[in-house]
Amino acid sequence: MTHMIRFCWSGRPRDASSETYDRGAPGELIRLEQPFGNHNGGQIAFNPLAKPGTPEFGTLYISIGDGGSGGDPMNMSQNLSSIFGKILRINPLVSNSRNGQYGIPADNPFVDESDPAILREIYVYGTRSPNRIAWDSKNGQMYVADIGQNTVEEVSPVIAGANLGWKIWEVSFRYVSRDGVDINDPRAAPEMIFPVVEYDQKDPLMLPSSVASSGLAVYRGSEIPQLQNLLIFAELASGEMFYVSADQLPEGGQDAIRRILLKDGGADKTVLQVIRGKNVEQGWEEAYRADVRLAHTKDGKLFLLNKRDGVIQLLRE
Ligand SMILES: [Ca+2]
């Protein structure tokens, strides 16, 4: 059995400078045949901070899991000729890729490599299941919430050409097997990029279902003063939200991580509790997991999305 991931245009624009959808025909940018059924595609996003006329403007980031199974059995993430376990950076409006359906930006980090097998689409490598990406509007820094194996979770900085570790490293530690990591000599590899957020899947605060880092937003707005200048992330299933300071980023450990609860009807609740309350109102079965995501607008509105109550929440002070 094969597993396909397709990244498509809903419609290729006739005029790329058009500010509204102008009804070009649907089209496929890239199709990936995955060896295993899980991990899959993460997020696709244009850098919302890119200014028109710069090389960054109009480039599309695509985060892709390591091909699935567990423990990256085919060692895809560290292999620069594999499309899996990467964040790609492409230009959808030109056509110098192998399939002719998209372009490779001239300033991509591996464009000038001599080995023709190295995929020029690659922006960073060594990701496992890079679920969400986000940018800090204050300094342009990009981050990825990369879902861990069975032990630890992470949010890492994304820097062009960087190796984010997997499966040599998982968070600050050497990856050993699906059963764990080696906690000796943390971060003992200057060439790797290590996380700004890392936490133990078995940490009591993160339970009952801390298995997948997601989120993700760097909040620089002013509408919610409590969240100002924070890097906010979420646990995909439990919907628990956490933060660290976006200006004093931790370099390992989880001491700096703080929890966010939502005030809803006078009570402090987790996202999952809010969803379950809504489910009761809806006459639906109560959700067992949240599948939460974060999104924000340029002017400081922060939205909470989930797959369980059909509601997009706007967070307020
Ligand atoms: Ca990593």
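In which loop is Asp72 found? This question opens the numbered points, which concern a predicted model.

1. Backbone at Asp72. Asp72 is found in the loop between β4 and β5. Its phi is near 45 degrees, a positive value in a residue other than glycine. Most residues other than glycine have a negative phi, and most peptide bonds are trans. Asp72 counts as buried because its relative accessibility is 0%, and burial here means under 20%.

2. Ser82 in that loop. The loop between β4 (60-64) and β5 (86-90) also holds Ser82. Ser82 has a relative accessible area of 8% and is therefore buried. A polar atom of the Ser82 side chain lies 3.1 Å from the backbone nitrogen of Phe84.

3. Strand β8 (residues 142-146) pairs with β7 through five bridges, and the two run antiparallel. Within this pairing, Ala134 stands opposite Tyr143. The hairpin of β7 and β8 has six residues between the strands, and Gly140 in the turn has a positive phi of about 80 degrees. β8 also pairs with β9, again in the antiparallel sense, over five bridges.

4. Burial of β8. Strand β8 is mostly covered, with five of its five residues buried. Met142, Val144 and Asp146 point one way from the strand, while Tyr143 and Ala145 point the other way. The residues on both sides are buried.

5. Calcium site. The calcium ion is coordinated by two OE contacts from Glu154 and by the O atom of Leu164, at 2.3 to 2.7 Å. Glu154 belongs to strand β9 (residues 152-158), whereas Leu164 is in the loop between β9 and β10; the two are 10 residues apart, and the pair links distant parts of the chain. Glu154 counts as buried because its relative accessibility is 5%. Leu164 has a relative accessible area of 4%, so Leu164 is buried.

6. Cavity. How many cavities of 30 Å³ or more does a search of the whole structure find? The search finds one. The largest cavity has a volume of about 50 Å³. Its lining includes Glu154 and Leu164, together with Asp146, Trp166, Trp169 and Glu170 among others. By type, the lining residues divide into four nonpolar, two polar and four charged.

7. Cis peptide bonds. Trp166 and Lys167 are joined by a cis peptide bond, with omega about 0 degrees. Lys167 lies in the loop between β9 and β10. A cis peptide bond also joins Gly215 and Leu216, where omega is about 10 degrees. Leu216 is placed in strand β14.

8. Strand β11 (residues 173-177) is joined to β12 by three bridges, with Tyr175 opposite Val181. In the loop between β10 and β11 is Val171, whose phi is near 45 degrees, a positive value in a residue other than glycine. Val171 is buried, because its relative accessible area is 3%.

9. Largest pocket. The largest pocket has a volume of about 510 Å³. Its lining comprises 25 residues, and those nearest the centre are Pro48, Trp135, His296, Thr297 and Lys298. β3 (41-46), β7 (130-135), β14 (213-219) and β20 (293-296) each supply at least two lining residues. The lining divides into 14 nonpolar, seven polar and four charged residues.

10. β20, a contributor to the pocket lining, is joined to strand β21 (residues 302-305) by four bridges, and the two run antiparallel. Ala295 stands opposite Phe303 in β21. Five residues lie between the strands of this hairpin, in which Gly300 takes a positive phi near 95 degrees.

Key:
Residues are numbered from 1 along each chain as its sequence is written. This is a predicted model: local features need pLDDT of at least 70, side-chain atom pairs count only at pLDDT 80 or more; totals for chains, interfaces and linings use all residues. Side-chain values use heavy atoms; hydrogens and water are left out. Two strands pair if DSSP finds at least two bridges between them. On a 1 Å grid over the protein atoms alone, a cavity is a set of points where a 1.4 Å probe fits but cannot get out, and a pocket is an open set with protein on both sides within 12 Å along at least five of seven lines; lining residues have an atom within 4 Å of a point. Grid points are joined across faces, edges and corners, and a volume is the space filled by probe spheres set on the points. Ala, Val, Leu, Ile, Met, Phe, Trp, Tyr, Cys and Pro count as nonpolar, Asp, Glu, Lys and Arg as charged, and the others, Gly among them, as polar. Donors are N, O and S atoms within 2.8 Å of the metal (3.2 Å for Na, K and Ca); water is not among the atoms, so sites may look incomplete. Buried means under 20% relative accessible area, exposed over 50%, partly exposed in between (1.4 Å probe, protein chains only). A polar contact is a pair of N or O atoms within 3.5 Å; within protein, one must be able to donate a hydrogen and the other to accept it, and residues adjacent in sequence count only if both atoms are side-chain atoms.
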